[in-house]
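Me: I have a structure to go through with you. Can we take it piece by piece?
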Amino acid sequence: DTEIRRSVVQQQNASKPDFRYWLQRPGSQTVQLRPGLGLDDFGPEMERRLTADRAPADLKALAAAQRVQYGPFAADITGLTTPKGTITWPEVRAVELQQGAVRVWQVDARRPQSIEVAKVPNVFVFLALVETMPEATRRA
C-alpha cells in the first residue's frame, strides 16, 4: 500500500505554510517532495486521490470488525486507539488537523492529545474515516 506523510513547513515572510511530503511504497525507497517543487496543486490532488482510493477499503475493513492502523492511531468499530489509550467513539468529541498536528479531543477533556502530522501516514484517509463514523456514535 502506498503511504503518504506530510509535514508543515512555515517559510519566513510567507502568507501560508508549505508542505513537505514523503511517499513510500512497499519494497521501494522513500521519495521526499520538498516545498520548492511547487506542490500547491499536486500535493492536495495526491491527498484527494489517495483518500478516494483508500477510504472505502478502510471503511469496509472497519465494518468487518477489523482494525485499521494509521501510525500511532488505530481505528476499529468500537473506537480510536491513541498512544494514551483507547477512546470509544461516543467519547471522541473531535479529531482535527491544526498547526501541523493531529489533535484528538475527548469529551470532557481540557486539552487534546496531539501527534505531529508527519507521524501519521495517510492522514487525510484517517481524517475521512473518522469523519464518516456515524455522528450519533461520536457524540456523547
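Me: Which strand is Gln 98 in?
Reply: Gln 98 lies in β8, a strand being a DSSP run of E with at least two residues, numbered from the N terminus. This is a predicted model, where local features need pLDDT of at least 70 and side-chain atom pairs count only at pLDDT 80 or more, while totals for chains, interfaces and linings use all residues. Residues are numbered from 1 along each chain as its sequence is written, and side-chain values use heavy atoms, without hydrogens and water.

Me: Why does Gln 98 count as partly exposed?
Reply: Because its relative accessibility is 36%; partly exposed lies between buried (under 20% relative accessible area) and exposed (over 50%), with a 1.4 Å probe and protein chains only.

Me: Other topic. Where is Asp 76 found?
Reply: In strand β5.

Me: And which side chain of opposite charge is nearest to it?
Reply: Arg 67, 4.2 Å away. Asp 76 is buried and has no salt bridge, which would need a side-chain nitrogen of Lys or Arg within 4 Å of a carboxyl oxygen of Asp or Glu. Lys and Arg count as positive, Asp and Glu as negative, and His and the chain ends are not counted.

Me: What does Asp 76 touch?
Reply: Leaving out residues up to four places away in sequence, Asp 76 touches Leu 62, Gln 66, Arg 67 and Trp 89, contact meaning heavy atoms within 4.5 Å.

Me: What about Leu 80?
Reply: With that sequence exclusion, Leu 80 touches residues including Phe 73, Trp 89, Val 95 and Phe 126.

Technical notes
Helix = DSSP H or I, 4+ residues; strand = E, 2+ residues; numbered from the N terminus.
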